[in-house]
Amino acid sequence: MADTGPVTGEMGPLIVVLSGPGGAGKGTIARRLVAADDSIHLSVSWTSRARRSDDAPDAYVFVDREAFEAHRADGGFIEWNEFLDCYYGTPVPEAGDEGVLLLEIDVAGGRQVLDADPGALCLFVDAPDDDELRRRLIERGDGSDRAEARLVEAERERTEAAELGYETIVNDDLNRAINEVSALIASRR
Ligand code: 5GP
């Protein structure tokens, strides 16, 4: 979908894509990595969806559809997707950005990032098994129908991630999963 060229050159950031089902813990892992290392930055996506009461103030850049489309036409996104009638997109990193740029996006977005930057590191954060994923989804407020729909979507994304060469991180123990992600990032820097 994105029609921009390569986004990272020799001097650009290492792009690290974190994908995985809701409830697997990718957001927690991303926040912990950013807090622990000044050279790791979290990309703030743009979205046309309305702000939710549980969104952190800096969760997204919230814009209307017209503003999103105008920015997309200007080549302002390295990838974008439409999910439940709302746009989501990753802005092109600012020139000169170095270090690591974390993107918390879906696997369809990860595919576009890899097309633009084959050197990107793509990680799929998963729960240990479906029972545990279901338990976490219901605990955070999804009804059982929605949780089942997310489990189906998770399985589809798992297959797509494997095709794309994502590394899988099983989040059975948060500290262990963070260490595993850190080690993979270190091996690419
Ligand atoms: P939510 O509306 O719950 O915040 O996000 C909905 C979905 O959009 C999630 O799967 C989330 O990972 C994905 N998403 C968030 N930002 C981006 C983005 O910039 N690009 C893409 N492709 N997906 C995103």
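Colleague: In the protein chain, take contacts between residues at least 6 apart in sequence. What share of them join residues at least 24 apart?

Modeller: A contact means heavy atoms within 4.5 Å. In this chain, 68% of those contacts join residues at least 24 apart in sequence. This is a predicted model: local features need pLDDT of at least 70, side-chain atom pairs count only at pLDDT 80 or more, and totals for chains, interfaces and linings use all residues. Residues are numbered from 1 along each chain as its sequence is written, and side-chain values use heavy atoms, with hydrogens and water left out.

Colleague: How many helices and strands does the protein chain have?

Modeller: Both are DSSP runs numbered from the N terminus: helices are H or I, at least four residues, and strands are E, at least two. The protein chain has six helices and nine strands. Its radius of gyration is 16 Å, close to the 16 Å of the globule rule for 189 residues, so the chain is as compact as a globular protein of that length. That radius is taken over C-alpha atoms, and the rule is 2.2 Å times the number of residues to the power 0.38. Along its principal axes, the C-alpha trace spans about 45 × 40 × 30 Å.

Colleague: What percentage of the residues is buried?

Modeller: Buried means under 20% relative accessible area, exposed over 50%, and partly exposed in between (1.4 Å probe, protein chains only). By that count, 43% of the 189 residues are buried.

Colleague: Why is helix H3 described as largely enclosed?

Modeller: H3 covers residues 107–116, and seven of its 10 residues are buried, so the rest of the structure largely encloses this helix. The buried ones are Val107, Gly109, Gly110, Gln112, Val113, Leu114 and Ala116. They pack against strands S1 (14–19), S5 (77–83), S7 (100–104) and S8 (121–126), and against helix H5 (144–164).

Colleague: Where is Ala120, and what does it touch?

Modeller: Ala120 sits in the loop between H3 and S8. Its relative accessible area is 5%, so Ala120 is buried. Beyond neighbours within four places in sequence, Ala120 contacts Ile15, Val113, Leu114 and Arg188. Two of these, Val113 and Leu114, are among the buried residues of H3.

Colleague: Is Phe124 buried or exposed?

Modeller: Phe124 is buried, with a relative accessible area of 1%. This residue lies in strand S8. Residues up to four places away aside, Phe124 touches a list including Ser19, Val107, Ala154, Ala161 and Ile169. Phe124 and Thr159 are 35 residues apart in sequence, with C-alpha atoms 11 Å apart.

Colleague: How does His41 read?

Modeller: His41 has 40% relative accessibility, so this residue counts as partly exposed. His41 belongs to strand S2 (residues 40–42). Not counting residues up to four places away, His41 touches Val34, Glu98, Val100, Leu101 and Leu102.

Colleague: How many aromatic pairs are there?

Modeller: A pair of aromatic rings is described by the distance of the centres and the angle of the planes. Rings of Phe, Tyr and Trp (its six-membered ring) pair if their centres lie within 6.5 Å; planes under 30 degrees apart are stacked, over 60 edge-to-face, and the rest tilted. The structure holds eight such pairs. One of them, Phe68 with Phe77, is stacked at 4.4 Å centre to centre, with 20 degrees between the planes. Both Phe68 and Phe77 are buried. Ring pairs also link Phe68 and Phe77 with Trp46, Trp80 and Tyr87 into a cluster.
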